[in-house]
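Take a walk through this fold with the model open beside you.

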Amino acid sequence: MTSKYERIKSDCRARNVVWEDADFPAVQSSVFYYQTPPFTFQWRRITEIADSQNACFVNETENFDVIPGKMGDRWLVSCLGVLHSLRNLFYRVVPADQSLDKANGIFRFRLWWCGEWVEVLVDDRLPTINGRLAFLQPQSSSCYWASLLEKAIAKLHGSYEALKYGTRSDGLSDLLGGVVECIPMKANSTNDMVRPQQLKAHLDTTSIVTCIATTNSSSTIATTHKNTSERLVNGIALNVNYRLCSLDKVETLLGDAVQLVRLKDPLACNAFANNNDYQGDWSAMSSTWERVSIQERDRLFGQLDVGEFWMSFLDFSQTFSSLEVIYLDADTAKDELTLQDRPKRWQMKMFQGQWKRGVTAGGCRNHESFHINPQLLLTIQEKQEIVVALNQHTAVEPKVIGFTMYKLLGVFGSKTVTKISDCLPKEFFKTQVSFLNSDYGNTRHVTCRCQLEVGQYLLMPTTYDPGEESSFTVRILSTASLRLSLLETQTLMLLDPFPELKNEVDAIKIKNVCQYEPVFMQLADENKTINCFELHELLEACLPNDYIKGCANIDICRQVIALQDKAGTGRINFLQFKTFLVNLKSWQGVFKMYTKEKAGILRAERLRDALYDVGFQLSTDIMNCLMQRYIRKDGTLRLSDFASAVLHLTAAFDYFQRKDHNQDNVIEIEMSDWIKCVLRC
């Protein structure tokens, strides 16, 4: 089966035209969606910008020389530098079988987006200002892969403007398909100071370790040129992801051992120092090398590749402010030659889900609806360190997200945990203390690394506030085996939500209902029964002028008749009317318990609990169907919506139970019966 890329390219060749991407057109709004810049962009194809004899898509012999241009984003340049240093991963994102002269204006890229690798197609029309590229561009070469890749990322985000709000961690995740964790170099309340042993542990796994220097009040900044990053006086560029390649120890002529780290500058084009490269101790031209033997110097220099240099660990810890570690699972890392000798490989378990208002969007544990969030059961079979990453599938106006973890060993008063398959109830979260709480932020990714003992854990990915909707992906990386599964609520009818009145013994309940008998008899036929229209008129007369009055509508009247009319006459008697009215009063009592802020208005996230008190335990899929049918624009329900939902569920359970002859939760049904059932419910 041919791909969309191949079909478009073949069609363009057949018609001898160059492709124009209708999904990301060459218009002003593709560049700036919200803001209005003080100038107009001109869109030009690469052949109109570059020297046609020298221009190319990718040149393997060229070093990385991408600059942000007038309006490009430096964070993206830094991420592309890391990608470019990983040649095999680079060609996964930037397929090599493309060229400017044979492209017919169409190019393809692969990016990690919303939990999977997606192919993004773009044409080669790029925004320019006064004839020059406005965004990423080559500095001295004529390779335009970075300009086109930036356009593909902008297309996914909706505009070039959206990239202004991007981050390095977002870019590294999208380009490498890994989980990104930011680790402060200095000790704080949640992390110890980074030590060489920790760096070695990271380098033993299929991880890419990068480090970033940021400015502070005591930093001294060197003079920089236009389109280049700011640098410290020792030559280290600010806000650039330097890659940590290895660690080594050198012995001086005096017998001292010095811990060194080998770093790669992704923006450098030469193997050894120039005025813009690292110029501190142990740099290529540093006099510090005079303290070691020629053999040691040659051994360490022999390990250097383009853009690489040595630095003492002491200087390293004082220069860089944080690490950004990209954890790659074994499948993603298998093609990268620089990772093939790593002794440990990350294994990944992934779950993709949704936060849906009233169904699975319960908010953080500060809210009483916390328990309706997706509940993931994590089973650890041996002590290990894991990395948990939560990614929301949105780039524009992201929600505030995070996750909470509970340890299940010994819950419910037992010493061991039995097999768990159903969601844990609301009461569990009222009494249990969380094992782990991530930070919450309005970012696309939230990551946390932790050490887990053998046992079972409950992971709850959430938005901060209830009712916030988004799709999400949870990835868990481990070096040993584990199991990840979604807990689901089994659908059951725990109580009869529509009990019949037993020989008028419920005298207190029906006392007030009997006063409506004269009105009922005025509307009834000779058989003392009424239909849905007469029931509607009766409820209009009987129900008080408060929010219960909303239940006097024709749809609910039809449901009441359908539920109680077993003979198919479309009518009910006075006893059946009393039964409905008594049960409606009971449902109103439950409804009032959950309408705390404003009488008569039920927030969607409380519907599950209200239905549970009536007698229904419902799965996520059924709750989703109910929400689609009953939720209002403001995310709430009224008593009439609640009563209608109870009547629908009662009718559905009643029909199923009458057909479930073997009591095995499986029925056989003919098509005509099925259609009648759907219409009556």
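Two strands pair if DSSP finds at least two bridges between them. Helices (H or I, at least four residues) and strands (E, at least two) are DSSP runs, numbered from the N terminus. This is a predicted model: local features need pLDDT of at least 70, side-chain atom pairs count only at pLDDT 80 or more, and totals for chains, interfaces and linings use all residues. Residues are numbered from 1 along each chain as its sequence is written, and side-chain values use heavy atoms, with hydrogens and water left out.

Begin with strands β12 (residues 242–251) and β13 (residues 257–264). They pair in the antiparallel sense over 8 bridges. Leu-247 has Val-261 of β13 as its bridge partner. Both strands belong to an open sheet of 6 strands, ordered β8-β15-β9-β12-β13-β14, with antiparallel pairing. The edges are β8 (179–184) and β14 (308–312), each pairing on one side only. On average, neighbouring strands of this sheet are turned by 35° against each other, direction ignored. Such angles run from 0 to 180 degrees between N-to-C directions; axes are lines fitted to C-alpha atoms, for helices over the stretch in contact.

Which strands does α6 lie across? Helix α6 lies across β8, β9 (207–212) and β15 (322–327), running at about 20° to β15.

Helix α6 also has a helical partner. Two packed helices are described by the angle between their axes and the distance between the axes. Helix α3 (residues 74–85) and helix α6 (residues 168–176) pack at an angle of about 35°, their axes 9 Å apart. Their crossing is right-handed. A crossing is left-handed if the near helix is turned anticlockwise from the far one by less than a right angle, and right-handed if clockwise. From α3, the contact uses Trp-75, Ser-78, Cys-79, Leu-80, Val-82 and Leu-83. From α6 come Arg-168, Gly-171, Leu-172, Leu-175 and Leu-176. Contact here means heavy atoms within 4.5 Å. The residues of this contact divide into 8 nonpolar, 2 polar and 1 charged. In that count, Ala, Val, Leu, Ile, Met, Phe, Trp, Tyr, Cys and Pro are nonpolar, Asp, Glu, Lys and Arg are charged, and the others, Gly among them, are polar.

Return to the region of β13. Asp-277 is found in the loop between β13 and α8 (294–301). Is Asp-277 buried or exposed? Asp-277 counts as buried because its relative accessible area is 10%. The cut-offs are under 20% for buried and over 50% for exposed, with partly exposed in between (1.4 Å probe, protein chains only). Asp-277 and Ala-237 are 40 residues apart in sequence, yet 8.3 Å apart in space, C-alpha to C-alpha.

Now look at another sheet. This open sheet of 3 strands has the order β1-β5-β6, again with antiparallel pairing. Strands β1 and β5 (residues 125–129) run antiparallel, joined by 4 bridges. Gln-42 has Thr-128 of β5 as its bridge partner. Helix α5 (residues 145–157) packs on this sheet, touching β1, β5 and β6, and its direction makes about 100° with that of β5.

Strand β18 pairs with β21 (residues 445–452) in the antiparallel sense over 8 bridges. Within that pair, Ala-389 is partnered by Thr-447 of β21. Strand β18 also pairs with β23 (residues 470–478), antiparallel over 7 bridges. There, Leu-390 is partnered by Val-474 of β23.

Helix α16 (residues 574–593) and helix α17 (residues 607–614) pack at about 145°, with their axes 10 Å apart. This crossing is right-handed. Trp-587, Val-590 and Met-593 in α16 meet Ala-610, Asp-613 and Val-614 in α17. The contact residues divide into 5 nonpolar, no polar and 1 charged.

Finally, step back to the whole protein. It has 20 helices and 30 strands. Of its 681 residues, 52% count as buried. The C-alpha atoms fill a box of roughly 110 × 70 × 50 Å along the principal axes. The protein has a radius of gyration of 33 Å, whereas a compact globule of 681 residues would be near 26 Å. That radius is taken over C-alpha atoms, and the globule rule is 2.2 Å times the number of residues to the power 0.38.
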